[in-house]
Amino acid sequence: MMTIRPLAGFLSLLFLPSVTVHSFTPSLNTVRHHSYFFSSFTQSTIETSNDNQIHNATQILQSYDSSQQLFIASDGNQGMGGGLSAYNHIRSLDASSRTSLREAILTLVNQAHTERETDSSRGRIMLGICASNAPEALAGLKSYVTSLSLPRGMLHGMDIDGVPIPIEDLGSVYIKYSTGGAMTFSDIRKSRRGFDALWKPGDALLETYDGDFRGVYLNVELGDGLFRQFGVLPTDLFMEDEEDDW
């Protein structure tokens with residue numbers, strides 16, 4: 001067996017007449033053990049990293065909500081429930097703040113998508129959009145649904161007994177959107193949401209609205225059970241020039 005010599009004797013080691021080196025070949029069990037350890041370590045690292053991302057994203061949106069409430073108070077709580085002051089807060093956001101909000105929302109929504117792929121009853125995402133008029137609300141809905149890769153369903157509330165309502169007659173509106181509801185009567189009872197639970201993934205309901213808030217409420221349900229509802233967020237946060245209609 002080769003003897004490890006001090007660094008000072010390294011050159012003399014090079015000129016030894018012969019050196020016997022015993023190679024080591026790990027057993028199959030050793031290889032499997034290390035492969036399992038590496039795989040487990042990698043999976044654990046990924047899960048920890050993902051948990052941290054979700055935690056940070058949640059904190060960003062919670063901080064946004066807190067800052068909005070402080071702004072509303074400092075702005076004199078204008079409008080019904082401070083709705084006008086909340087809109088003033090949205091208008092004060094800089095580009096960096098908007099980018100942070102988009103990234104945080106995408107992180108939570110992507111996690112919801114992952115959970116919903118394994119269980120269709122999980123990872124529900126809901127939007128509530130308050131707008132001065134229907135075109136503004138629909139543009140906001142379209143941008144969020146497209147940017148967050150959410151399902152598209154039916155839009156209810158734009159007609160009375162099948163007769164379309166002129167958009168200009170609607171005034172201020174509120175749109176309620178959900179990625180899906182329960183599909184059986186048993187699930188309906190469990191959800192405690194009545195027949196709203198029968199809606200298909202991506203269905204939305206448009207209603208008239210007489211409040212002063214303008215923006216988007218976002219609710220993301222994840223497996224950890226933490227209540228995550230944020231808003232009001234900017235309606236145009238994900239706004240892009242798109243040619244396709246809803």
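Mentor: Start with helix α5, residues 134–147: at 1.5 Å a residue its 14 residues should span 20 Å, and the end C-alpha atoms are 20 Å apart, which agrees. The expected span is 1.5 Å times one less than the number of residues. Helices (H or I, at least four residues) and strands (E, at least two) are DSSP runs numbered from the N terminus.

Trainee: What sort of model is this?
Mentor: A predicted model, where local features need pLDDT of at least 70, side-chain atom pairs count only at pLDDT 80 or more, and totals for chains, interfaces and linings use all residues. Residues are numbered from 1 along each chain as its sequence is written, and side-chain values use heavy atoms, leaving out hydrogens and water.

Trainee: Which residues of α5 are buried?
Mentor: Among them are Ala134, Leu138, Leu141 and Tyr144. Buried means under 20% relative accessible area, with exposed over 50% and partly exposed in between (1.4 Å probe, protein chains only).

Trainee: And what covers the buried residues of α5?
Mentor: The cover includes β1, β5 and β7.

Trainee: Changing topic, in what order do the strands of the open sheet come?
Mentor: The six strands run β2-β6-β5-β1-β7-β8, with mixed pairing. β2 and β8 stand at the edges with a single partner strand each, so one side of each has no neighbour in the sheet. Two strands pair if DSSP finds at least two bridges between them.

Trainee: How many bridges join β1 to β5?
Mentor: Six, and the two strands run antiparallel. Ala131 stands opposite Val173 in β5.

How values were computed: Contact = heavy atoms within 4.5 Å.
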